[in-house]
Amino acid sequence: HHRTEINKRILRIGKKGDPMSGSTEADLTEKGITPVGGFPHYGQVNEDFLIIKGCLGGSRKRPITLRKSVVPVVKRSHFEPLNIKFIDTSSKYGHGRFQTLEEKRKFLGPMASKTY
C-alpha cells in the first residue's frame, strides 16, 4: 500500500545521534527526540527522522515516500515561517511530567531500587 496525501508540512528533519534533536530556539534543554521510555509500540528513534504536521495513515513502521507535489501549494500557512517553540519528550505511558531522565532523577532523588 502507498500512503498518498498532499501538502504535508515538514516541521523538522533530524539527524541520527544528535543530542540536541529535541531542543528548539525557545527550549535550550539538551534532549533527544525520543520520549522518556520510548514511543508506545515503536521504541527508541535511532536513525534520521522527520517531524510532519498532522498524521499519516498506516502502521508505525511502514516506510513513507516523499516527493515534490504536482499540485501547487495554495495554503497561506505553508508560506509563513515555522516557529517551533517546544517539543514534548515526556513519557507517553501514563502521566509523564519529566522531559529527560536526568530531570526525573534530580526530582525523585536517590531511590533504593535503582543504583545509577
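Accessible areas here come from the Shrake-Rupley method with a 1.4 Å probe. With that set, I looked up the total: the protein exposes about 9600 Å², and carbon and sulfur atoms supply 55% of it. I note that this is a predicted model.

**Entry: overall form.** I checked the elements and found one helix and two strands in the protein. Read from the N terminus on, their order is β-β-α. I took the box along the principal axes, and the C-alpha atoms fill roughly 60 × 35 × 25 Å. The radius of gyration is 17 Å, whereas a compact globule of 116 residues would have one near 13 Å. I also looked up burial: buried residues make up 20% of the 116 residues. For contacts between residues at least 6 apart in sequence, I noted that 64% join residues at least 24 apart.

**Entry: surface patch.** I searched the surface for nonpolar side chains that group together. I10, I13, L50, I64 and L66 form such a patch, and their accessible area together is about 440 Å². I followed up one of them, I13, which sits in strand β1, residues 10-14. I13 counts as exposed because its relative accessibility is 61% and the cut-off for exposed is over 50%.

**Entry: T34.** I then went to the loop between β1 and β2 (49-52), where T34 lies. Is T34 buried or exposed? Its relative accessibility is 16%, so T34 counts as buried; the limit is under 20%. I looked for what its side chain reaches and found the backbone nitrogen of V45 at 3.1 Å. Leaving aside neighbours within four places in sequence, I listed F39, G43, Q44, V45 and T89 as residues in contact with T34.

**Entry: salt bridges.** Side chains of opposite charge can pair when their charged atoms come close. I looked for such pairs and found two salt bridges in the structure.

- K31 pairs with D27, and the closest N and O atoms are 3.0 Å apart. I checked the burial of this pair: K31 and D27 are both buried.
- D88 pairs with K92, and the closest N and O atoms are 3.1 Å apart. D88 counts as partly exposed because its relative accessibility is 36%. K92 has 35% relative accessibility and therefore also counts as partly exposed.

Key
Residues are numbered from 1 along each chain as its sequence is written. This is a predicted model: local features need pLDDT of at least 70, side-chain atom pairs count only at pLDDT 80 or more; totals for chains, interfaces and linings use all residues. Side-chain values use heavy atoms; hydrogens and water are left out. Patches are made of residues with over 30% relative accessible area and no salt bridge: like charges are joined within 9 Å, nonpolar side chains (Val, Leu, Ile, Met, Phe, Trp, Tyr) within 5 Å. A salt bridge is a side-chain nitrogen of Lys or Arg within 4 Å of a carboxyl oxygen of Asp or Glu. Helices (H or I, at least four residues) and strands (E, at least two) are DSSP runs, numbered from the N terminus. Buried means under 20% relative accessible area, exposed over 50%, partly exposed in between (1.4 Å probe, protein chains only). A polar contact is a pair of N or O atoms within 3.5 Å; within protein, one must be able to donate a hydrogen and the other to accept it, and residues adjacent in sequence count only if both atoms are side-chain atoms. Contact means heavy atoms within 4.5 Å. The radius of gyration is taken over C-alpha atoms; the globule rule is 2.2 Å times the number of residues to the power 0.38.
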